[in-house]
Amino acid sequence: MSRGMSQSPSSPPSAVGVFVTPVTPLQQNCTTVWCTATLKAAVIDPGGSVDAVMGEVARRGLTLDQVWITHGHLDHAGGAAEMAEKSGAPIIGPHPADQFWIDDLEVHGQRWGIPDARTFTPTRWLADGDTVTLGETTWETAHCPGHTPGHVIFFNRAARFAQVGDVLFKGSVGRTDFPRSDPDALIRSVITKLWPLGDDVTFVPGHGPISTFGEERRTNPFVSDAAAARTPPVRPAAGPA
């Protein structure tokens, strides 16, 4: 049910733990992160399988403390209301520009066969540069529009780890054929918001395998350094999700 991430035996212990649970028919990477000192956990993008994710959190001896949302699409946010209701955890994010997506979660859920999806009002909206605290860890956020206008990412500087939703994938980028998507803004978000965080950052995308920012700068056909130097640049249209 879950894909775990672990360090090599030679690596120093991290203050952050991570496991990934693919959810919904779109196999969205619902990502649980936690503070290893306090065992307080945040679930990022619970698009579905709420009971299974919460069960795994409990099995690992963690306390579900917060629900974080990168953007308002159904496969990322459809289970947030249910998870918050069952756990009492606050919903944090995304940026308020995605309110229109959240307002239509129930309509999209009926259309795409995820009938339990429910709309919600976040406990806290996020803006570019905000931070969130989880136990003894601090996470930076960045507003990264393009896939959706209100997309945010979560970054832990000490662990060199990010959860980037549907901004960036291994070998691709997020789709920009949705209402209020913007392919040029998406490219700018990756180049100006993600790359400065460092090539050594490992990231979990919204779908598919993990990668590093350095690997994508070298090889990604849309946002590599070579792609950015092209005139005209390659403009994304339909990525994995």
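Phe178 is partly exposed, with a relative accessible area of 22%, whereas Trp101 counts as buried at 8% (buried is under 20% relative accessible area, exposed over 50% and partly exposed in between, using a 1.4 Å probe and protein chains only). The model is a predicted one, in which local features need pLDDT of at least 70 and side-chain atom pairs pLDDT 80 or more, while totals for chains, interfaces and linings use all residues. Residues are numbered from 1 along each chain as its sequence is written, and side-chain values rest on heavy atoms, with hydrogens and water left out.

Aromatic rings come next. Rings of Phe, Tyr and Trp (its six-membered ring) pair if their centres lie within 6.5 Å; planes under 30 degrees apart are stacked, over 60 edge-to-face, and the rest tilted. By this rule there are eight aromatic pairs. The centres of Trp101 and Phe178 are 5.9 Å apart and the planes stand at 90°, so this pair is edge-to-face. It links distant parts of the chain, 77 residues apart: Trp101 lies in helix α4 (residues 99-103) and Phe178 in the loop between β12 (172-173) and α6 (183-194). Helices (H or I, at least four residues) and strands (E, at least two) are DSSP runs, numbered from the N terminus. Ring pairs also join Trp68, Trp139, Phe154 and Phe161 into a cluster.

Phe161 leads on to the strands, where pairing requires at least two DSSP bridges. Its bridge partner in β13 is Thr202. Strands β10 (residues 161-163) and β13 (residues 202-204) pair in the parallel sense over three bridges. Both belong to an open, mixed sheet of six strands, ordered β7-β8-β9-β10-β13-β14.
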